[in-house]
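Subject: Handing over the structure

Hi,

Here is the structure I promised to pass on.

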Amino acid sequence: MLDELKAARLSAGWSQRTLAERIGVDAQTIKRLENGVGSISNLAAVMTALDFRLTGVAPGVTLPAQLGARRRSLSLSLDQVASRTGLSRATIASLERGGGSVASLLRLLAVIAPNARRRAPERSYWGQGDKNDRDSRFTPPDFLANIYAAFGEIDLDPCAHLLSPVIAHCRILRSGGGNGLVDDWSGRLAFVNPPFSELLKWLRRAHDQWRAGKVETVVCLVPVRTDSAWFHDVLSADADIYLLKGRVRFLDSQGKGQHTPFSLMLLTLGASAEQKAGYEALVPGFWLVRGTTPADLPSNRIGEESAM
């Protein structure tokens, strides 16, 4: 269970610190939980934040409710479960009320629900809705926080949206009459989370504006799509690519989170070694060697990354 819990955090693209901030505890609490030390109340908060639910236990809205339902379905009394687990009767009762420790929970599950595992999260499909809705997916604030920390303040968001949480000194808004595919870019750092339906257009524009010296550095958050000849022949010679481990939980126009059903990468132009090292220290993943694309990697490694 704990390994699955950690995998769920990494799949969400969250560090221990990010998850800790989400539930109002310190990063050490998350580290201890992932090592089997901590309270059920903190574990329940983590499970809620990660949309992590167990199957193989019993029906129930909460984990404590599942535990009680499981014991009753086995026709076991508190005393019988206590005898089998080596836990006290009071501890069993506390666990069923939402108290107790993670260590006690694991001992209980090993006896009454040895096949308990994470329930597959319900997946909403990225392609639902019309084209405009599919393209209205916004970079979440916790992901952006690592961009700011590693690369600095964003001067330009050339494909901005009124609902986007990106903090930039200048935003080119289609709704305001602007067009980042036509208007000149400017500034030290441009951050690009483009409409994925026009991905190649935006990558060409980013490369053109960077090569023309309009911006010093460009950081693009895009799907791992490297099949075009232009990407291999032109862009890969100039870009540094960071393959992200796990999936990013984008926000839709209603503010609801939704994981991408595909792998993502950070594609940078003009990023310094210090910026790249800073980002790698904050976000799970790895930088490709310049001139190498994901298609050049062994298939088993890509499979490992994509399976997250």
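Where is the place of Asn 115? Asn 115 sits in the loop between helix H8 (102-112) and strand S2 (117-118). I'll come back to that loop below.

A few ground rules before the rest. The model is predicted, so to speak of local features I need pLDDT of at least 70, and side-chain atom pairs count only at pLDDT 80 or more, while totals for chains, interfaces and linings use all residues. Residues are numbered from 1 along each chain as its sequence is written, and side-chain values use heavy atoms, with hydrogens and water left out.

**The overall picture**

The chain has 14 helices and 11 strands; these are DSSP runs numbered from the N terminus, helices being H or I with at least four residues and strands E with at least two. Of the 308 residues in the chain, 45% are buried. Buried here means under 20% relative accessible area, exposed means over 50%, and partly exposed is in between, with a 1.4 Å probe and protein chains only. As for contacts (heavy atoms within 4.5 Å), take those in the chain between residues at least 6 apart in sequence: 67% of them join residues at least 24 apart.

Asn 115 is exposed, at a relative accessible area of 61%. Leaving aside residues up to four places away in sequence, Asn 115 touches Thr 55 and Gly 56. The C-alpha atoms of Asn 115 and Val 57 are 7.8 Å from each other, although the two residues are 58 apart along the chain.

**Helix H5 and its surroundings**

Helix H5 (residues 63-73) packs on H8 at an angle of about 40°, and their axes are 11 Å apart. Axes are lines fitted to C-alpha atoms, for helices over the stretch in contact, and angles run from 0 to 180 degrees between N-to-C directions. The crossing of H5 and H8 is left-handed. Left-handed means that the near helix is turned anticlockwise from the far one by less than a right angle, and right-handed that it is turned clockwise.

Which residues make the contact? From H5 come Leu 63, Leu 67 and Arg 70, and from H8 come Leu 105, Leu 108, Leu 109 and Ile 112. By class, the contact of H5 with H8 has six nonpolar residues, no polar and one charged. For those classes, Ala, Val, Leu, Ile, Met, Phe, Trp, Tyr, Cys and Pro count as nonpolar, Asp, Glu, Lys and Arg as charged, and the others, Gly among them, as polar.

The buried residues of H5 are Leu 63, Pro 64, Gln 66, Leu 67, Gly 68 and Arg 71. They pack against helix H4 (40-49), strand S1 (54-55), helix H6 (78-85), helix H7 (89-96) and H8.

Ser 75 is in the loop between H5 and H6. Ser 75 is not a glycine, yet its phi is positive, at about 60°. With a relative accessible area of 62%, Ser 75 is exposed.

Helix H10 (residues 141-151) and helix H13 (residues 273-282) pack at about 145°, with axes 8 Å apart, and their crossing is right-handed. H10 brings Phe 143, Asn 146, Ile 147, Ala 149, Ala 150 and Phe 151 to the contact, and H13 brings Gln 275, Gly 278, Tyr 279 and Leu 282. Seven residues of this contact are nonpolar, three are polar and none is charged. Just after H10, Gly 152 has a positive phi of about 100°.

**The strands**

Is strand S6 (residues 215-223) largely enclosed or open? Eight of its nine residues are buried, so S6 is largely enclosed by the rest of the structure. S6 runs parallel to strand S5 (residues 187-192), joined by five bridges; two strands pair if DSSP finds at least two bridges between them. In this pairing Ala 190 is opposite Val 218 of S6. On its other pairing, with strand S10 (residues 264-269), S6 is antiparallel over six bridges, and Cys 220 has Leu 267 of S10 as its bridge partner.

Strand S3 (residues 154-160) has seven of its seven residues buried, so S3 too is largely enclosed by the rest of the structure. Four bridges join S3 to strand S4 (residues 168-173) in parallel, with Ala 160 opposite Leu 173 of S4.

Over to you!
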